Amino acid sequence: MNTLYLIISDIHSNNKNIIEVNNRLEELVGWITRKCTCDDYQEVIIMVAGDIAYSGTKSEYDLIEASFKELAKCSKIVMSPGNHDHNFSSYSGKARDILISSTDEIDDSVIKIVTKGQSEYFDFENLICNVDIIEKTSLSKKYKLSEKTTIQTFNTAWCSKINEKGGELIYPLEQIIDDNDNCEMRILFFHHPLSWLNPDNNKVVRNKISEIANVIISGHEHIENSFKVETDNNTNLTIETCSFHDSELDENGFITFHQHNNDIYIEKHIWDGACYKTTDTKTKSDIVESNSKYRSGFKVRDIFYDELTDIGTGFSHPEINELKINDIFIYQNVNNITSKSTATIKSENSKNILKNHSEKHILLSGEENIGKTTLVRKLCLDTLDMGIFSVYIDGGDIKRADRYNPEKLKEKIESQYENFSFDQLIKRSNERILFIDNFHIIKGDKKSIIKLINLLERYFTKIIVTVSDSYHLSQNEIKGDNVFQDNFVSLEILKMGHASRWELIKKWNNLKSECIDSDQLLIIKTDKAYNEISRVIGKNYIPSTPFFLLTMLQSMDTNISADLNTSSYGHYYHYLITCSLGLAGVEKDKLDGIFTYITEMSYLYYKSNCTELSHDALWDFNAAINEDYTLKVDCDSRLSLLIKAKIIKEKSNFYSFKYPYVYYYFLSKYLSDNLNSSEIQEIVQDLVKGLDKRKNMNTLMFLTHHSKDMRILDSIINQSKSHFLEYKPTALDKDVLFINSIISNLNLRDLTFEDGNIHDNRLELEKEKDLHDDNYNNDDINQDDNEPDVDKESKLHDFLTEFNLTFKSIDLLGQLTRNYHESLKTAPKIKLLTEAIEAPLRALESIFSIMRDDPDTLLEMIRDRLKDEFKIDSHNDHETEIIAKKLLFQLMKGISFSIIKKISSTIGSRELLPVIKLIYKDKPKSNAIRLLELSVQLDLGALGSIENIEKMAKDFNFNTISGALLQDLVGYYLYMFEEEVNNKKRVCSVLKIKYNPLNNKQKNLINKKEDLHRP
């Protein structure tokens, strides 16, 4: 329910002001009615925080009774008394004063006597208040508005006097009602601010109310004294409201607040003589942030905080006007490269480096665009949020090490903190952290750099600096015996692996409204973008850094591919290159000439069979370009421009392409532009035949981004068809009866699906990929895959090589169909897809054929290995036989599962699914094809028809390869994608999979995790 909370305080009703007061109350009724209509509030709660009357007499309450009854018709009203609601004329003698002063013996009988003067107020409260009391003491009352909201009132005026002073009041702790219901909104309001309580009493009462309430309201001061968070944990909001009517003040009115998007919005409404106008709006989150910005007694300047949260790279999101660092930041892993040990270096998450390396300063390095600046800004924000005094300086602000002094440091700190002094800082704070970004641009020799670090260590307990990966201090001073050796730990920021890429893409998508509303859609969109980006990154074509990943995500959401003469994937490379050239100052009308120049240059590198060329070689190339195109391009100027645009790089007067994707993009563009040349046709044929060479595969992959020429398509298809030519595609039916018969009488273990958090499942899967890459990946894009570790003259070597070439071919076939799914006609698409499906199924059949010819020999090999490995004696031969059969079955099922998933991931897309179904429309579908079609559908995040799955389950036997694959495919889908619980239960029942649901504790934990990741 949408509820508006309205706070009135200090009305001071009396004969002199009653006309004006009733006028304002009447207008308030109208204001509430209009507000509910315009902003769709279903409920209004009015809290009257005391001083309704001027002297607490019945006649003063009578003056406003009618107005309050009108308010009660359109709202719920709860009250607490103020000192002006005390009729002090009802007391005589000094008995009351004596009782009040006896603070050690305050019981209900004392309170009854001391509050006698509030009787007229209580009568008015009982008349107007229209919310039931659920619990009360002599001084406190508790109301329950809903399952989520309670209100408690304090009678702080119980011991008021006519001429009371701040710091004299007492509120008995035992009169406070404990909170036992843990409601979401726990409101407490009373008349006197806590500062009016006796200091000792103030402390215990303040501690108590911080436990029982999260919105605390008071009046009395007759000013809106700013909203602030009182407690250290920044959860409780304290509102000191304004007076409703005080002729001595310029501003009178009321305060409202309401909840929206997990925040509380507070507004001040001031009477302007005829109506109420909203003059001030604040949110609880802003107040928490503002009050959290004090570090060691110094207030963090807003401009400093804003600079830290600014991502500063010009990225834009389709639904967020201004991206902030917390919207998209992911902590990357780092390697500790301080040690010179050759042992394997274990990476750690950068989030924990301050904790993990608490005894030393930190030197962060990494390649260009790795995210050094963003990481160090985020770490600075983190330390600020932890309450630590932290300063951020760019190396460019220091400029020269020998000229930096305490005055300049103080000036910098003063731009980030108000009222700063070194004396107070060192006096107040034991922990002071300095972040220096781009330390490598600070000029100075070794001596001056050491002197600078010593200066900074006088004022800061910890220093974190970032440097480029090629940083040399004063001509090679920093490597070897460097200035950071003793008291710095050196950490290298790593590229984003599978897990961090997944998290970044999910975070980007989670900013979209459709994904906020649907967890299932969030998973599907993230899965699609992740797969697309992984294909574009390929074998390290593009560095997996935050800059490149965010550029691609931005490109995906801007739909620019239609404007480019490239494939659906090629446009990402084009976009990255165009952006780099644009940032280097190349105007749009010059792009065509620059592209031509780089295209010609890439072919020069290819023909030279070199990864780098000398300045002289490029000078000759530039001269040839000028002659061929009738141009006057200055070689050095052009090379400088290409270096600035990050197209090429220079080292010792030799030049090479900076990133692999740039080289392959332009080389393949040259091949595509000149495809009618016999020379180029011969090159393409050689590339297709030499797919076992990684450079050839890379070139062809990029060539398919530029061209859909049927000559290329036919060459790749024919090459693929030459592999396992003697085999038909496996049907996973009668052709695997031999393996089915082996385990027909065995009871395979029952499958169990443990329901869980899909986001956690996905992250764990990506972490496993990272672990695999750490152990086996080769970062060199041009280095060929490792040769099989078998005799090159053996049949096994030939088989493994052919197997490898088959899957490289289907990578190309799949990419071609995805790239040109809209521009290729149906016939060539069917041709491509058919081979992409049948080639790996032929390869799988070749494996089955080997097994089928002599399964007994294979089983014997497995049995012997088991006996040797586990020292099994002959008495357990029967048990060993069963284990061997099960292992053989699991092996063949695993290979079959991997190949089916490989095919579906290679050719699978929503656009191609109808074409895939069209291929086998008029043919009987084998088990393999039915499983493949299901796998493609499941990979797209759709379970589809459970009736279809049930039919497949009936057609297959579960104690067969096909039946087991069906179980595994669906189980994998349930692990990877969100699905309705009823569908999970039903499909598990159909497939004889035991379904273990989430318990309530697990559900609550998942919900909390999801809430934490919502924007």
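Tutor: Helices and strands here are DSSP runs, a helix having at least four residues and a strand at least two. The model is a predicted one.

Student: How many helices and strands does the protein chain have?

Tutor: On that reading, the protein chain has 39 helices and 27 strands.

Student: How do I read the contacts along the sequence?

Tutor: Take the contacts with a separation of 6 or more; residues 24 or more positions apart account for 74% of them.

Student: Now a single residue. Where does Thr-115 lie?

Tutor: Thr-115 is in a loop, with helix H4 (108–114) on one side and helix H5 (119–128) on the other.

Student: Is Thr-115 buried or exposed, and why?

Tutor: Thr-115 counts as buried because its relative accessible area is 10%, and the cut-off is under 20%. Setting aside neighbours within four places in sequence, Thr-115 is in contact with His-86, Tyr-91, Phe-122, Leu-139, Asn-155 and Trp-158.

Student: Which backbone atom does the side chain of Thr-115 reach?

Tutor: The side chain of Thr-115 reaches the backbone oxygen of Ile-111, at 2.7 Å.

Student: Next, a sheet. What is the strand order in the open sheet of seven strands?

Tutor: The order is E17-E16-E22-E18-E21-E20-E19, and the pairing is mixed. Strand E17 (347–349) and strand E19 (389–394) are the edge strands, each pairing on one side only. From one strand to the next, the twist averages 25°.

Student: How do strand E16 and strand E22 run, parallel or antiparallel?

Tutor: They run antiparallel: strand E16 (residues 333–336) is joined to strand E22 (residues 488–493) by three bridges. Within this pair, Val-334 stands opposite Ile-493 in E22.

Student: Which helix packs on the sheet?

Tutor: Helix H11 (residues 372–385) does, touching strand E18 (361–366), E19, strand E20 (432–437), strand E21 (462–468) and E22. The direction of H11 makes about 160° with that of E19.

Student: Last, the cysteines. How many disulfides are found?

Tutor: A disulfide is a covalent bond that links the sulfur atoms of two cysteines. In the whole structure, the search finds zero disulfides.

Student: Is Cys-183 buried or exposed?

Tutor: Cys-183 counts as buried, at 4% relative accessibility. Cys-635 also counts as buried, at 2%.

Note on methods. Residues numbered from 1 in each chain as written. Predicted model: local features only at pLDDT ≥ 70, side-chain atom pairs only at ≥ 80, totals over all residues. Heavy atoms only, no water. Contact = heavy atoms within 4.5 Å. Buried < 20%, exposed > 50% of the residue type's maximum accessible area, 1.4 Å probe, protein only. Polar contact = N/O pair within 3.5 Å; in protein donor to acceptor, adjacent residues only side chain to side chain. Pairing = 2+ DSSP bridges. Axes fitted to C-alpha atoms, helices over the stretch in contact; angles between N-to-C directions. Disulfide = S-S within 2.5 Å.
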